Amino acid sequence: VSAAGACPIEGAGRFSTFDVLGVEEPFPILRELAPHCSSAWSEAMGGFWYLTRYEDILEALRRPDVFSSEATFLPRTKHPVFGPEIPIHIDRPAHTEYRRIIAPHFAPQAVAAMEAPIRANARELLAPMIAAGGGEFVAAFAEPFPAASFLPLLGLDRADLDELITLLDEILLTAQLGPSEDDSRERRRDTAMRSLRDRINAILDARDLMSDPPEDIVTGLLRSRFADRPLSRDEILRMIRLFFAAGLDTIKHTLSMSMWFLATHPDHRRQLIEDPSSIPGATEELLRYFSTVTSYARLVTRDIEFAGAPMKAGDMVLLPIIAANRDAGRFAEPDVVDFARMPNPQLGYGAGPHRCAGSHLARLELRVALEEIHRLMPSYAMASGFEPVRTGGQVSGIPELPIVIGSPSAV
Amino acid sequence: VTLQIDPDSCVGHGRCYALFPELFAAEPDGTATVSCVQPTAEQLGDARMAVENCPEGAIELTGEAAA
């Protein structure tokens with residue numbers, strides 16, 4: 001193992017999350033490095049350390065005193081329009097209090113009550129695509145399904161769906177494509193963010209006037225107390241902003257990549273059709289394999305030698321979840337997709353105190369989607385000649401997925 | 001043989017109670033508690049798998065005879 005920063009592998013010093021090579025293996029350099037270097041320095045994206053192995057990545061996620069969440073994306077940017085999102089960009093001790101406020105809304109018992117409406121959304125969105133004998137899966141299902149499932153949490157209804165999806169696509173421009181040289185992406189992103197802030201403010205204004213507000217997350221937040229005071233309007237805005245950032249694109253991309261895999265691996269698909277009880281394990285394994293959130297970034301708070309790297313306070317470090325999830329030292333045959341894999345301590349939802357607060361809702365949405373797809377349209381295939389691509393950035397997936405749907409008896 | 005969860009390590013992944021509901025239960029905040037502190041011989045395999053499957057290493061099985 002070489003000293004970090006002097007990793008002898010060609011390309012290690014130029015690694016960027018915006019250079020994606022393949023759907024299944026977006027960043028091959030991570031795999032090349034792992035046997036030789038536990039860490040490396042890249043000059044890309046403003047300069048950053050990155051780790052290559054499960055144990056180190058997990059430890060970094062679990063040491064928020066050393067690895068701050070003040071900055072979680074590369075290149076490091078200010079948090080435009082809303083300010084730092086709560087609680088993902090907040091460190092202890094405030095983080096602990098914010099998570100205490102949010103946790104009950106996304107606990108397993110709370111999300112179980114959402115299953116029936118979420119299933120209805122899935123059926124409603126699949127029906128036109130099935131009737132048409134196919135379509136573009138991302139626009140028809142993967143994108144609107146999590147959005148439709150999420151809107152009621154904010155007291156919004158389906159009439160708001162298209163507007164919100166358009167705003168989100170604009171907000172994600174820099175996350176998927178990287179900074180633009182002429183600031184054009186940044187300007188469009190910030191304009192969309194201001195529109196989103198106006199929409200959320202309007203929801204909160206309306207709640208203030210209601211004598212009998214609905215029992216949902218918005219009302220819950222308005223009634224919540226941070227230690228001995230109510231949450232401020234600003235804090236609630238920054239929380240709801242995070243729900244948008246975390247709850248929609250992640251599910252969309254996980255569904256697009258899962259669907260592509262299942263369309264091209266009939267034996268795996270048959271398992272889900274013949275035994276729907278295999279679906280929860282399948283969603284964990286597909287998340288491990290594709291690692292939709294390819295990586296989280298952290299800000300180093302003090303000088304420390306970690307995973308062989310001489311890190312300095314103020315350095316950025318990237319924790320590639322996808323490298324952890326494909327680490328042969330942790331997972332037997334990491335490149336084999338095994339829906340019955342056990343144990344499967346995959347890190348697709350992160351780990352440590354910032355573990356995805358919405359993971360129980362995400363699991364529910366992914367399970368219900370795969371259940372309904374394989375019940376209602378078990379026979380599907382990629383449109384002929386289609387070659388998928390994977391977007392760049394720290395949250396990534398397949399942006400377009402044309403499929404054809406056959407009759408159920410054709411499986 | 002005793003099954004325990006370290007409450008300081010558990011962050012509520014929920015894999016233990018999702019997979020092994022006879023051994024673990026969910027708290028209202030999503031963290032886990034042990035519902036069966038002394039697993040039977042038949043439950044030991046599940047208990048060991050829960051230990052292996054927890055990313056936080058929050059589950060402990062103590063008092064097993066050394067293999």
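This is a predicted model: local features need pLDDT of at least 70, side-chain atom pairs count only at pLDDT 80 or more; totals for chains, interfaces and linings use all residues.
1. **A residue with positive phi.** Although not a glycine, Asp183(A) has a positive phi of about 70 degrees. Its relative accessible area is 41%, so Asp183(A) counts as partly exposed.

2. **A second one, in another loop.** Glu333(A) is not a glycine either, and its phi is positive at about 45 degrees. You will find Glu333(A) in the loop between H16 and H17 of chain A. With 59% relative accessibility, Glu333(A) is classed as exposed, because the cut-off for that class is over 50%.

3. **Cis peptide bonds.** While you are in that part of chain A, have a look at Met342(A) and Pro343(A), which are joined by a cis peptide bond with omega of about -5 degrees. Pro343(A) sits in the loop between helix H16 (321-325) and helix H17 (359-376) of chain A. A cis bond also joins Leu74(A) to Pro75(A), again with omega of about -5 degrees. Here the proline, Pro75(A), belongs to the loop between strand E3 (67-68) and H3 of chain A.

4. **How the two chains meet.** Chain A contributes 23 residues to the contact and chain B contributes 19 residues. About 1,500 Å² is buried between chain B and chain A, and carbon and sulfur atoms give 49% of that area. On the chain B side, the residues that lose the most area to chain A are His13(B), Arg15(B) and Glu56(B), which together make up 31% of what that side buries.

5. **Polar links across the interface.** How many residue pairs are in polar contact between chain B and chain A? The count is 11, with both residues of each pair at pLDDT 80 or more. There is one salt bridge across this interface. Its partners are Arg62(A) and Glu56(B), whose side chains meet at 2.6 Å, N to O. Helix H1 (15-19) and helix H2 (44-53) are the elements of chain B that give two or more residues to the side touching chain A. Sorted by class, that side of chain B has eight nonpolar, six polar and five charged residues.

6. **A salt bridge within one helix.** Over all chains, the structure holds 34 salt bridges. One of them pairs Arg100(A) with Glu97(A), whose closest N and O atoms are 2.7 Å apart. Both residues lie in helix H3 (residues 94-102) of chain A, three residues apart, about one turn of the helix. Buried or exposed, where does Glu97(A) stand? Glu97(A) is buried, at 18% relative accessible area, whereas Arg100(A) is partly exposed at 45%.

7. **Other salt bridges worth a look.** Asp216(A) and Arg207(A) form a salt bridge at 2.7 Å, N to O, and both residues are buried. In chain B, the side chains of Glu64(B) and Arg48(B) meet at 2.5 Å, N to O. Back in chain A, a network of salt bridges links Glu115(A), Arg119(A), Arg123(A), Arg367(A), Glu371(A), Glu372(A) and Arg375(A).

8. **Nonpolar cores.** In soluble globular proteins, nonpolar side chains tend to be buried together. In this model, the largest nonpolar core has 84 residues, and Phe137(A), Phe141(A), Ile240(A) and Phe244(A) have the most contacts inside it. Leaving aside residues up to four places away in sequence, Ile240(A) touches Leu154(A), Ile200(A), Leu204(A), Val218(A) and Leu221(A). Another core, of 47 residues, lies apart from the largest one and includes Ala40(A), Ala60(A), Leu61(A) and Leu299(A).

How values were computed:
Residues are numbered from 1 along each chain as its sequence is written. Chains are lettered from A and ligands numbered from 1 in the order in which they are written. Side-chain values use heavy atoms; hydrogens and water are left out. Contact means heavy atoms within 4.5 Å. Buried area is the accessible area (1.4 Å probe) that two parts lose on being put together, summed over both. A salt bridge is a side-chain nitrogen of Lys or Arg within 4 Å of a carboxyl oxygen of Asp or Glu. A polar contact is a pair of N or O atoms within 3.5 Å; within protein, one must be able to donate a hydrogen and the other to accept it, and residues adjacent in sequence count only if both atoms are side-chain atoms. Helices (H or I, at least four residues) and strands (E, at least two) are DSSP runs, numbered from the N terminus. Ala, Val, Leu, Ile, Met, Phe, Trp, Tyr, Cys and Pro count as nonpolar, Asp, Glu, Lys and Arg as charged, and the others, Gly among them, as polar. Buried means under 20% relative accessible area, exposed over 50%, partly exposed in between (1.4 Å probe, protein chains only). A nonpolar core is a set of buried Ala, Val, Leu, Ile, Met, Phe, Trp, Tyr and Cys residues joined through side-chain atoms within 4.5 Å.
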